[in-house]
Amino acid sequence: MSEMRLVVTGAGGRMGRMLTRAIHETPGATVCAALERPGSEAIGQDAGTLAGIGPIGVAISDDPLPAFVEAHGVLDFTTPAATVEFAGLAAQARLVHVIGTTGLTEADLTKIDAAGRHATIVRSGNMSLGVNLLAALVKRAARALGEDYDIEIVEMHHRMKVDAPSGTALLLGEGAAEGRGVKLAERSVRSRDGHTGARPVGDIGFATLRGGSVVGDHAVIFAGPGERLELSHRAEDRSLFAKGAVRAALWGRGRKPGVYSMANVLGLTD
């Protein structure tokens, strides 16, 4: 099989540069196009040079149409509005669309699900092996321990992160809710302030911390009668997200359209 031709979106940003490097380092994959928002200073620059790997002959553009026509897949860690647009284009071109964008609304997810009728979409709040294994463990623990154990999810990221809770925290919350057979939207508590009263049984709480240059720390606490279980993950290098995204793209090549998760990619579904 020929090399998988991949489009990097947000190629001028920190994550985009990491994606370019990860593709370059992965056998069987190649960067065929690189995109940035209109007006970006990165437009016209060689994506490889910007990523620190030397020229690769791919100039960054702001026009996705010709890029998608020539590609097999697209790696997308941008903004919700851009991701929804890219999902529509990926559906038209029948591409693999790997989505690491966070902060997506229910309306955004509905549009992405619709695109999954024609595109092969892999979407996750976190592309790392460790985090997705953690989510599987959280699901099993929530199922085994039941509502006698209160669940609290604590996350910390760098000061520049713009959405909260993090996509990873929500991924872990979804795992906990699924383990209990409930909907996260109906049982999650995102903030507490003032006289809140006693903690309702069955709630899944979130605490968000921001500061410094933290890549990503997450802990899921199961607080029960007389004991406490904590499952945690610490990301030390953002490149692990890029490597996971490339792995997801290669996995998705040739698969039927639909919306998949990293749990599918890693064989963690049950």
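Colleague: Which residue lies over the face of Phe206, and at what distance from the ring centre?

Modeller: This is a predicted model, and in it Arg190 lies over the face of Phe206, at 5.4 Å from the ring centre. Phe206 also has a place in a sheet pairing, where Ile153 stands opposite Phe206 in strand 9.

Colleague: In which sense do strand 7 and strand 9 pair, parallel or antiparallel?

Modeller: Strand 7 and strand 9 (residues 204–210) pair in the parallel sense, over seven bridges. Strand 7 (residues 150–157) is also joined by seven bridges to strand 10 (residues 216–224), and these two run antiparallel. In strand 10, Asp217 is the residue that stands opposite Met156.

Colleague: How is a pair of aromatic rings to be described?

Modeller: The description rests on the distance of the centres and the angle of the planes. Here the count comes to two aromatic pairs. Trp251 and Tyr260 form an aromatic pair with 5.2 Å centre to centre and 80 degrees between the planes, which is edge-to-face.

Colleague: Are Trp251 and Tyr260 buried or exposed?

Modeller: Both Trp251 and Tyr260 are buried.

Colleague: Where do nonpolar side chains tend to be in soluble globular proteins? Which residues touch the most other members of the largest nonpolar core here?

Modeller: In soluble globular proteins, such side chains tend to be buried together. In this model the largest nonpolar core has 34 residues, of which Ile23, Leu75, Val98 and Val122 touch the most other members. Elements that give two or more residues to this core include strand 1 (4–8), helix 1 (14–25), strand 2 (29–35) and helix 9 (239–252). Helix 9 provides the largest share, seven residues.

Colleague: What does Ile23 touch, not counting residues up to four places away in sequence?

Modeller: Ile23 touches Leu6, Val8, Ala29, Thr30, Val31, Leu75 and Val246. Apart from this core lies another, of 22 residues, with Leu35, Ala67, Phe68 and Leu95 among them.

Colleague: Which residues of helix 5 are buried, and why do they line one face of the helix?

Modeller: In helix 5 (residues 106–115), the buried residues are Asp108, Leu109, Ile112 and Ala115. Viewed down the axis of helix 5, the buried residues fall within an arc of 115 degrees, so they line one face of the helix. On the other side, Glu106, Thr110 and Lys111 are exposed.

Colleague: What do the buried residues of helix 5 pack against?

Modeller: They pack against helix 4 (80–93), strand 5 (96–99), strand 6 (120–123) and strand 12 (258–260).

Technical notes:
Residues numbered from 1 in each chain as written. Predicted model: local features only at pLDDT ≥ 70, side-chain atom pairs only at ≥ 80, totals over all residues. Heavy atoms only, no water. Buried < 20%, exposed > 50% of the residue type's maximum accessible area, 1.4 Å probe, protein only. Helix = DSSP H or I, 4+ residues; strand = E, 2+ residues; numbered from the N terminus. Arc of directions from axis to C-beta. Contact = heavy atoms within 4.5 Å. Core = buried A, V, L, I, M, F, W, Y, C linked by side-chain atoms within 4.5 Å. Phe/Tyr/Trp six-rings, centres within 6.5 Å; stacked < 30°, edge-to-face > 60°. Lys NZ or Arg CZ within 6 Å of the ring centre and 35° of its normal. Pairing = 2+ DSSP bridges.
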